[in-house]
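Here is a short briefing on strand pairing in one protein model. Please look over the sequence and the structure before reading on.

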Amino acid sequence: MSKVKYYYDSDTLSYKKIERKKRNTFKYGAIFILGSALFAFLFVFLASQFVKSPKERALARELQHMELQYRLLNKKMDEAQSVLSNVEERDNAIYRLYFEANPIPEEQRKAGFGGINRYKSLEGFDNSKIIIETNKRMDILQKQIVVQSKSLDEIAVLASDKEKFLASIPAIQPVNNEDLTRMASGYGYRTDPFTKVRKFHYGMDFTAPRGSPIYAAGDGVVTRADNTATGYGNHIRIDHGYGYESLYAHLYKYNVRANQKVKRGDLIGFVGSTGRSEAPHLHYEVWKDNDRINPINFYYGNLSAEEYSNLLEHAALENQSLD
């Protein structure tokens with residue numbers, strides 16, 4: 001039951017009942033509803049500004065986690081870049097230098113990407129800058145890795161070729177020192193044993209007993225094992241590739257045949273005195289691009305420094321050759 005309200009009328013000196021008009025009731029109701037709605041709106045607005053919803057809090061945590069992951073990713077890329085830079089430096093300064101390959105220019109290793117904007121789809125977000133920069137670094141790093149990978153592939157091929165080259169060139173003395181009587185004659189002008197005329201001797205003569213073993217000076221293919229060349233008697237020729245060939249003359253007998261592949265140190269024949277020879281010995285020649293060169297430069301494979309020095313001394317003597 002609603003309360004009845006009165007007011008005092010001073011004219012009549014009596015209390016009169018307050019009559020509520022319906023118009024005023026609607027007016028006050030409307031004001032109350034409007035005020036309540038305005039208050040509710042202000043409350044929601046302020047709450048949205050200072051109090052985050054569970055979904056917003058979850059999104060904020062996810063964003064913080066993403067930023068942390070990008071920072072960690074950039075740190076890992078810094079470490080990867082440091083390791084890659086070290087590999088690039090060794091590649092240019094050691095590997096490519098050793099194998100006589102041109103260093104890769106720095107601008108080629110670290111070139112960016114021109115042309116269209118590759119990162120347009122990443123623009124317009126709150127963290128677009130960090131996302132774009134990270135993607136750029138990742139792309140450049142991947143390109144550097146590809147360049148370095150191709151360089152190492154090239155180095156591997158060069159190393160294989162170098163290894164094959166080092167194994168192929170004539171690099172050992174073809175007769176063991178234990179079997180040598182003496183190093184009879186070297187490369188250069190010598191006295192011919194038959195005519196006694198001074199003429200150029202194109203090889204080295206190793207005196208050894210008949211039947212002493214003769215070894216291949218390097219890897220290669222036997223191109224000849226016969227006695228049809230004038231003056232050489234029974235002789236062997238080995239093609240080592242790279243323009244190199246070695247010749248072994250005046251043999252007693254062969255241990256190889258034509259077209260046979262041999263390795264450095266393989267037994268290929270035995271010392272003799274066939275052909276134009278004065279005594280049992282091995283006449284040894286080294287050819288490069290069809291020219292005969294001094295074999296003294298090709299004995300680093302099986303002689304000590306002292307033995308090589310002694311060989312140089314004897315090879316320099318202008319004496320009489322044995323063929």
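Three strands make up an open, antiparallel sheet, ordered β7-β13-β11. The model is a predicted one.

**The open sheet**
- β7 (213-215) and β11 (251-254) are the edge strands. Each has a single partner strand, so one side of each lacks a neighbour in the sheet.
- On average, neighbouring strands of this sheet are turned by 35° against each other, direction ignored.
- β11 and β13 (residues 267-271) run antiparallel and are joined by three bridges.
- Leu251 has Val271 in β13 as its bridge partner.

**Strand β9 and its partners**
- β9 spans residues 235-241 and is mostly covered. Of its seven residues, five are buried.
- β8 (residues 220-226) runs antiparallel to β9, with five bridges between them. Here Ala225 sits opposite Ile236 of β9.
- β10 (residues 244-249) also pairs with β9. Five bridges join these two strands, and they too are antiparallel.
- On the β10 side, Ile238 faces Ser246 as its opposite residue.

**The β9-β10 hairpin**
- Two residues lie between the strands of this hairpin.
- Which residue takes a positive phi in the hairpin of β9 and β10? Tyr242 does, with a value near 60°.

**Reading the side chains**

How values were computed:
Residues numbered from 1 in each chain as written. Predicted model: local features only at pLDDT ≥ 70, side-chain atom pairs only at ≥ 80, totals over all residues. Heavy atoms only, no water. Pairing = 2+ DSSP bridges. Helix = DSSP H or I, 4+ residues; strand = E, 2+ residues; numbered from the N terminus. Axes fitted to C-alpha atoms, helices over the stretch in contact; angles between N-to-C directions. Buried < 20%, exposed > 50% of the residue type's maximum accessible area, 1.4 Å probe, protein only.
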